[in-house]
Amino acid sequence: MSGPPREARNQRGHDSHEDRLAGAAQQAAERAARGREEPEPSLGYRLGQIGILGWAIILPTLLGLALGHWLDRSFGTRVFFSAPLLMVGAAVGLWSAWKWMHRQQGGRHD
């Protein structure tokens, strides 16, 4: 028979289970302490954030579309400028919203 006796193997497995349980309890206590220090924002604050994100995406998209439409009228093209500038505006809006969300998190990591 090679390897440690059965009782020693069970003891080691039991110890690692207790270590994991203690680690999980410590993480839960730390999260609870952080929750007391930094309370969850209100519903109104969250709705305001959603509104800001919406405008951060929509405004560059509409500006790209307006510029593209003006260029299309000026040069007599159909959607030669409107379609690409619409996509560029949406990309800029999504990128700016993504950057804003990461600035709002400010270093909180779970």
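At 24% relative accessibility, Phe 81 is classed as partly exposed, a term for values between those of buried residues (under 20% relative accessible area) and exposed residues (over 50%), computed with a 1.4 Å probe and protein chains only. The model is a predicted one, in which local features need pLDDT of at least 70 and side-chain atom pairs count only at pLDDT 80 or more, whereas totals for chains, interfaces and linings use all residues. Residues are numbered from 1 along each chain as its sequence is written, and side-chain values use heavy atoms, with hydrogens and water left out.

Phe 81 has a ring partner in Phe 80, in an edge-to-face arrangement with 5.0 Å between the centres and 90° between the planes. Rings of Phe, Tyr and Trp (its six-membered ring) are counted as a pair if their centres lie within 6.5 Å; planes under 30 degrees apart are stacked, those over 60 are edge-to-face, and the rest are tilted. The structure has two aromatic pairs by this rule.

Helices are DSSP runs of H or I with at least four residues, numbered from the N terminus. Ser 82 is buried, with a relative accessible area of 8%. Its side chain makes a polar contact of 2.5 Å with the side chain of Asp 72. A polar contact is a pair of N or O atoms within 3.5 Å; within protein, one atom must be able to donate a hydrogen and the other to accept it, and residues adjacent in sequence count only if both atoms are side-chain atoms. When residues up to four places away in sequence are not counted, Ser 82 touches Leu 65, Gly 68, His 69 and Asp 72, where contact means heavy atoms within 4.5 Å.

Leu 65 belongs to helix 2 and is partly exposed, with a relative accessible area of 35%. Together with Trp 55, Ile 58, Leu 59, Leu 62, Leu 63 and Leu 86, Leu 65 makes a nonpolar surface patch of about 680 Å². Patches consist of residues with over 30% relative accessible area and no salt bridge, with like charges joined within 9 Å and nonpolar side chains (Val, Leu, Ile, Met, Phe, Trp, Tyr) within 5 Å. Areas come from the Shrake-Rupley method with a 1.4 Å probe, and for residues only the protein chains shown count as cover. Helix 2 (residues 43–75) supplies the largest share of the patch, six residues.

Helix 2 is also the place of Gln 49, which is buried at 14% relative accessibility. The side chain of Gln 49 makes a polar contact with that of Arg 46, at 3.2 Å. Arg 46 in turn forms a salt bridge with Glu 40, at 2.6 Å from N to O; the term denotes a side-chain nitrogen of Lys or Arg within 4 Å of a carboxyl oxygen of Asp or Glu. The count by this rule is one salt bridge.

How values were computed:
Helices (H or I, at least four residues) and strands (E, at least two) are DSSP runs, numbered from the N terminus.
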